[in-house]
Amino acid sequence: MGQNLSAAAKLGWVDAVMASYNFRLMQEDKIQAGIDACHKAGVAVIAMKTLGIRTDHKIETEEDKKIVGRFLKRGFTAIQANIKAVLADERISSACVGVNNVAHLASNAAAAIDKTELSQADMATLNQYAQATCNGYCAGCADICNSALPSVPYISDIMRYLMYYNGYDDRNGARELFAQIPAKVINRLLSTDYSAAEARCPQNLPIAKLIAEAVTKLA
Ligand code: SF4
């Protein structure tokens, strides 16, 4: 993503880029450099995957409870804090946030309209949380797991569909997308050894376990 953003800034004919950007990805130097380059070149950056939702979407660890409690005391939810963290960045022109009901839409719009700014301590908390929970977030760097396991070139997609199911509660949408994977690939999902992909995954995702969860929920 960082390389693509930097390349887009140099081309001279790109007006806007929609790129994954959230409180997790904003920790990465290459992405920061790419967004800087776009901003300087006058290329608008529209954030997508704005919420940084984990593939497993668990809210059970101490880190999860701490961050939810912290932001509720500040008057907004952790999800709203994630939106604020992206919109606070002047280099970001807009944020695209998926919703599947009116309550989500109202909550997201309220986060965008509300003038309360995240403090440095809030941003530091999000940073710490991103690091503590990175092994639940698929960063979409599909070239890495695809090159490790070319026989199953859908790992990143399946992680995303599972995130739609778990994080957005979009069960039908996730199942419909999963059904578009070729049957010959689906048939080998549970018998594949994912250790090579897990060894290369920069997020340390437990890929085999998540694929098994995806097959159970989406197949
Ligand atoms: S390498 Fe890991 S983080 Fe990157 S797309 Fe594959 S599963 Fe996701």
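Predicted model: local features only at pLDDT ≥ 70, side-chain atom pairs only at ≥ 80, totals over all residues.

Student: OK, core first. How many residues does the largest nonpolar core have?

Tutor: That core has 59 residues, and Ile-155, Ile-158 and Tyr-161 have the most contacts inside it.

Student: And which helix gives the most to this core?

Tutor: That's helix 8, residues 155-167, with 8 residues. The core also takes at least three residues from each of two domains, domain 1 (2-135) and domain 2 (142-218).

Student: Why would nonpolar residues group like that?

Tutor: As a general rule, nonpolar side chains in soluble globular proteins tend to be buried together.

Student: Switching to the ligand. Which residues are closest to it?

Tutor: Cys-138, Cys-141, Cys-145, Ser-156 and Cys-201 are the closest, out of 14 residues that surround the ligand.

Student: Which helices supply at least two residues of that shell?

Tutor: Helix 7 (142-148) and helix 8 each do.

Student: How many charged residues does the shell have?

Tutor: None are charged; the shell has 11 nonpolar residues and 3 polar ones.

Student: Now strand 1. Which residues are on its covered face?

Tutor: Val-17 and Ala-19 are on the covered face of strand 1 (residues 16-20), while Ala-16, Met-18 and Ser-20 make up the uncovered one.

Student: Does it run parallel or antiparallel to strand 2?

Tutor: Parallel, with 5 bridges joining strand 1 to strand 2, residues 44-48. Ala-19, from that covered face, stands opposite Ala-47 in strand 2.

Student: Last topic, backbone angles. What's the phi of Lys-49?

Tutor: Phi is near 55 degrees, a positive value in a residue other than glycine. Lys-49 sits in the loop between strand 2 and helix 3 (62-74).

Student: Is Lys-49 buried or exposed?

Tutor: Lys-49 counts as buried because 25 other C-beta atoms lie within 10 Å, and the cut-off is 20 or more.

Student: And what about the phi of Asn-204?

Tutor: Phi of Asn-204 is near 55 degrees, again positive in a residue other than glycine. You'll find Asn-204 in the loop between helix 11 (195-200) and helix 12 (207-218).

Student: Buried or exposed, that Asn-204?

Tutor: Asn-204 is exposed, because it has 11 other C-beta atoms within 10 Å, and 12 or fewer counts as exposed.

Note on methods:
Residues numbered from 1 in each chain as written. Core = buried A, V, L, I, M, F, W, Y, C linked by C-beta atoms within 7 Å. Helix = DSSP H or I, 4+ residues; strand = E, 2+ residues; numbered from the N terminus. Domains from an automatic or database assignment. Near = placed C-beta within 6 Å. Nonpolar A, V, L, I, M, F, W, Y, C, P; charged D, E, K, R; others polar. Pairing = 2+ DSSP bridges.
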